[in-house]
Amino acid sequence: MSDFSLRILNWYDQYGRKNLPWQHDISPYRVWLSEVMLQQTQVKTVIPYFEAFTEQFPTLEALANAPEDEVLKLWSGLGYYARARNLHKAAKQVCDDFAGDFPDNREAMESLAGVGRSTAAAILSLAFEQSHAILDGNVKRVLTRFHAVEGWTGKAAILKQLWGLAEQHLPETRHRDYTQAMMDLGATLCTRSKPRCNDCPLQADCVAYAQGNMGDYPTPKKKKSLAEKHTIMLILKTSKNEVFMQKRPPTGIWGGLWCFPQFDTQQDLDDYLQTQQLDTLASQQLAPFTHVFSHFRLHIQPLIIALESPLIAGVMEDEHSLWYNIHAEFEGGLATPVQKLLDALTA
Ligand code: SF4
């Protein structure tokens, strides 16, 4: 076994995380669920969602057979909603294409929706004890620092180099522990800011540590300034505390989630209002706020229009729109700003 992996495993034996919920009753289903949730999300955020999902959907079949709204509702607040839609899709794929058993090879695993090379490798090593290198954000940070790899890790050439290094360090045994150890080392010691190098088993030959420039790795992507977008969220609210909600299309921002009607411009809003025969009592602008996505900033201006009754021509219920009583439980996924506004309305 290489000295690198031996040191990592020895460190893991003493300090690694061994009590995470998905480390008990290990099964491909539980490992896959946790790995998808952990993409771009920290362990402490994931734990309550993992517990809620495994309680509501104790088996893969239960998840596959659930309505998408139920899955999105449970995912609400975890962000990156494409993951939830892919999770649901992949559960159906495993049931339909693999007779309900997760595949045990990388190619088939990577054919599942939302499962890329690193996630497939993590599931195969954690659930099946197979030898595969992983390369998530934590491992990229450890390797770029340890080997002083310069260049943005999203670049194909850098990525190839990192995969090569990740594979080179693999141990011959204890594949599950090694994968978990690499994740833990990146999450707990080799952190983005203030890495705890003095506690690190790799310190003796870590190039970034020797150079004293750990913070320079991984090389950040050249920054593009975020685009700015504006939207008006229209809250049509009746005297019976019902608000009008629409389901977003399945793809794109907040795909499949429920939102208030949105308008890019005042003119679009005016045109919409004109086509409705609204029995308007009053209107009120709420304080504007901003929701930040990875590639743009959305400035939201909420507008409440109080109505006498929901029975408005054109604003009828169908499978993509409904009147919802704000004091009842909502049966579907809600975009975070919409949840925020609903909380404000019921406060
Ligand atoms: S010595 Fe420091 S920078 Fe190097 S791998 Fe360890 S924690 Fe990361």
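**Close-up A. Arg17 and its salt bridge to Asp184 in the predicted model**. Arg17 is partly exposed, at 23% relative accessibility. The side chain of Arg17 forms a salt bridge with Asp184. The closest N and O atoms of this pair are 2.9 Å apart. Arg17 sits in the loop between α1 and α2, and Asp184 in helix α11, so the bridge ties together parts that are 167 residues apart in sequence. Asp184 has a relative accessible area of 0%, so this residue counts as buried.

**Close-up B. Arg7 and Asp205 joined by a salt bridge**. The N to O distance is 3.0 Å. Helix α1 (residues 3–15) holds Arg7, while Asp205 lies in the loop between α11 (175–189) and α12 (207–211), so the contact ties together parts that are 198 residues apart in sequence. Arg7 has 17% relative accessibility; this is under the 20% cut-off, so Arg7 counts as buried. Asp205 is partly exposed, with a relative accessible area of 37%.

**Close-up C. Lys73 and Glu329 in a salt bridge**. The side chains meet at 2.4 Å, N to O. Distant parts of the chain are linked here, 256 residues apart. Lys73 belongs to helix α5 (residues 68–75). Glu329 belongs to the loop between β8 (321–325) and α14 (336–346). With a relative accessible area of 24%, Lys73 is partly exposed. Glu329 is exposed, at 60% relative accessibility.

**Close-up D. A salt-bridge network of Asp3, Arg7 and Asp205**. Shared partners join these residues into one network. One of its links is the bridge between Arg7 and Asp205. Across the whole structure, a search finds 12 salt bridges.

**Close-up E. Helix α2 packed with helix α6**. Helix α2 covers residues 28–38, and helix α6 covers residues 82–97. The two pack at an angle of about 160°, with axes 10 Å apart. That angle makes α2 roughly antiparallel to α6. The crossing of α2 and α6 is right-handed.

**Close-up F. Side-by-side residues of the α2 and α6 contact**. From α2 come Trp32, Leu33, Val36, Met37 and Leu38. From α6 come Arg83, Leu87, Ala90 and Ala91. The contact residues divide into 8 nonpolar, no polar and 1 charged. Arg83 is among the residues that α6 brings to this contact.

Definitions and conventions. Residues numbered from 1 in each chain as written. Predicted model: local features only at pLDDT ≥ 70, side-chain atom pairs only at ≥ 80, totals over all residues. Heavy atoms only, no water. Axes fitted to C-alpha atoms, helices over the stretch in contact; angles between N-to-C directions. Helix = DSSP H or I, 4+ residues; strand = E, 2+ residues; numbered from the N terminus. Parallel < 35°, antiparallel > 145°, perpendicular 65-115°, else oblique. Left-handed = near helix turned anticlockwise from the far one by under 90°. Contact = heavy atoms within 4.5 Å. Nonpolar A, V, L, I, M, F, W, Y, C, P; charged D, E, K, R; others polar. Salt bridge = Lys/Arg side-chain N within 4 Å of Asp/Glu carboxyl O. Buried < 20%, exposed > 50% of the residue type's maximum accessible area, 1.4 Å probe, protein only.
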